[in-house]
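Take a moment to look over the whole chain before reading on.

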Amino acid sequence: MSVIEKTRVEFEPVKPEVGSIVRAERAALFDPEVVRQCREMLNDRVVLVFPKVNFTDAEQLAFTDLLGGRLNLTSDATTDKQEDVYQVTLDKKINRAPEYVLGTFFWHMDGLPVETAPPAATLLSARKLAPKGGQTEFSNTLAAYEHLPEAEKAALDDLRVVHTVAASLRPIADLIPEADKGKLQIGVPKEHPLVRTRKDGRKSLVIGSTADTVVGMEVAHGRALLARLVEWAGQPAFTYRHEWQDGDFVIWDNRTAMHRVIPYDSDCGRMMHRTSIAAED
Ligand code: OGA
Ligand code: MN
C-alpha cells in the first residue's frame, strides 16, 4: 500500500483585504506543490509572510526560481556586485549611492522605470533589523481599484503613465550630492497603463513614486491625480505593515502591491536581501 503524503501548508489571513501568513515546515517550501499554492494565494492576498524561515541566499534563490523567472534588478548606481541577490541597505560602506535606497521610504512598485512590464514579484529576507523603524508597508492596489466609485474607475481605465527614476527621487532630490546625480539617472522613461487588467479580469492600479506624468494630461493635473490615487490606496483598509523579526521572509505581487519602508537610521546596519521575479505577460 502506498502512502501519499499530503503537502502541509496553511495560510492565515492577516487583514481582510491584504496579507497572509504562510505556515509550513521549512523543507516543504521547496516542494513545487507548496510553491504553486503560494503563487495562487499571492494572487489574491498580494503579500505572503513566512515568519523566521532564515533563508540563506542560496535558499532564497532556489525559492525564487521555483516561483518564477529570476530577474536581476541590481542597481549599478549603488553596487558593483551584479549578483541576483540585491543588498538593500543605507550603509555607505556597502551602498555607494544610499540616496537610491532612501527612495524606498515612499510608496512604489519595483522596476517600473526600467522594465517594459511590471516585474511579477519581489522577495525580501530580513538579515539585520533596524532597532527603530524599518517596518515595511504594503498596499493592495487590486482592492484600492475595486473600491473606487464606478465613475472614477471608468475615467482611469484607459490612462497611461510615464515612470522615471527621477520622479521617485524627487522628494529627496535636494539631498543628492552633485557627484551622485549622473549615477542615479537610471533607465529611460517607461510607459505603463494606469489600470492593469489581469488574465482573470481583475484590475489594479499601477502607481507609486516612479509615476511621473499621465500621458495627454497637463503635468500638474496628472501629478495631482497620481498623488490622490496613492493616498487612496494607502488607506489602512488596503494596507498591511510588517513588523520584521529576524529571518522573516516576505514576498509580494509587485503588479498589484505598492510598498514602502518606514524610515530607519542610516547607520543602524539594517540589511535586507532582495530577489525579483520577471514580468510574466
Ligand atoms: C526595495 C524595497 C523595502 C524595505 O528594496 O525595493 O522597497 O523594507 N525595500 O527595505
Ligand atoms: Mn522596493
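Which element supplies the largest share of the lining of the second largest pocket? The helix α8 does, with five residues. Keep in mind that this is a predicted model.

Stay with this second largest pocket for a moment. Its volume is about 330 Å³. It is lined by 15 residues, and the closest to its centre are G208, S209, A211, A227 and V230. Two elements, β12 (211-214) and α8 (219-233), each give at least two residues to the lining. Sorted by class, the lining of the second largest pocket holds eight nonpolar, two polar and five charged residues.

Now turn to the largest pocket. About 510 Å³ of space lies in it. Its lining is made of 32 residues. Closest to the centre are Y100, T104, H108, D110 and R274. Several elements give two or more residues to this lining: β5 (86-88), α3 (98-102), α6 (165-169), β15 (257-261) and β16 (271-277). By class, the lining of the largest pocket has 16 nonpolar, eleven polar and five charged residues.

Which residues coordinate the manganese ion (ligand 2)? They are H108, through NE2, D110, through OD, and H259, through NE2, at 2.1 Å. Along the sequence, these donors follow the spacing H-x1-D-x148-H. H108 sits in the loop between α3 and β6, while H259 sits in strand β15. They are 151 residues apart, so the pair links distant parts of the chain. Are these two histidines buried or exposed? H108 has a relative accessible area of 8%, so H108 is buried. H259 is at 6% relative accessibility and also counts as buried.

T104 is another of the residues closest to the centre of the largest pocket. T104 lies in the loop between α3 and β6. Its relative accessibility is 19%. Buried means under 20%, so T104 counts as buried. Leaving aside neighbours within four places in sequence, T104 is in contact with R260 and V261.

Next, look inside the protein. In soluble globular proteins, nonpolar side chains tend to be buried together. Here, the largest nonpolar core has 32 residues. Those with the most contacts inside this core are V47, V250, W252 and Y264. The elements that give two or more residues to the core are β2 (18-24), β3 (47-50), β5, α3, β6 (121-128), α6, β14 (249-253) and β15. Take V250 as a case. What does V250 touch, not counting residues up to four places away in sequence? The list is V47, L48, V49, T122, L123, L124, F138, H242 and W244. There is also a second, separate core of 24 residues. Among its members are W107, L159, V206 and L226.

Some single residues deserve a stop. V46 has a phi near 75°, a positive value in a residue other than glycine. V46 is placed in the loop between α1 (32-45) and β3. With 0% relative accessibility, V46 counts as buried. N54 has a positive phi too, of about 50°, although N54 is not a glycine. N54 is found in the loop between β3 and α2 (57-67). N54 has a relative accessible area of 47%, so N54 is partly exposed.

Where does L73 lie? L73 is in the loop between β4 (70-71) and β5. L73 is buried, with a relative accessible area of 13%. Set aside the neighbours within four places in sequence, and L73 is in contact with D110, G111, V114, E115, P119, R274 and S276.

Finish at R196, in strand β10 (residues 195-197). Its relative accessible area is 10%, so R196 is buried. R196 and G103 are 93 residues apart along the chain. Their C-alpha atoms are separated by 24 Å.

How values were computed. Residues are numbered from 1 along each chain as its sequence is written. Chains are lettered from A and ligands numbered from 1 in the order in which they are written. This is a predicted model: local features need pLDDT of at least 70, side-chain atom pairs count only at pLDDT 80 or more; totals for chains, interfaces and linings use all residues. Side-chain values use heavy atoms; hydrogens and water are left out. On a 1 Å grid over the protein atoms alone, a cavity is a set of points where a 1.4 Å probe fits but cannot get out, and a pocket is an open set with protein on both sides within 12 Å along at least five of seven lines; lining residues have an atom within 4 Å of a point. Grid points are joined across faces, edges and corners, and a volume is the space filled by probe spheres set on the points. Helices (H or I, at least four residues) and strands (E, at least two) are DSSP runs, numbered from the N terminus. Ala, Val, Leu, Ile, Met, Phe, Trp, Tyr, Cys and Pro count as nonpolar, Asp, Glu, Lys and Arg as charged, and the others, Gly among them, as polar. A nonpolar core is a set of buried Ala, Val, Leu, Ile, Met, Phe, Trp, Tyr and Cys residues joined through side-chain atoms within 4.5 Å. Buried means under 20% relative accessible area, exposed over 50%, partly exposed in between (1.4 Å probe, protein chains only). Contact means heavy atoms within 4.5 Å. Donors are N, O and S atoms within 2.8 Å of the metal (3.2 Å for Na, K and Ca); water is not among the atoms, so sites may look incomplete.
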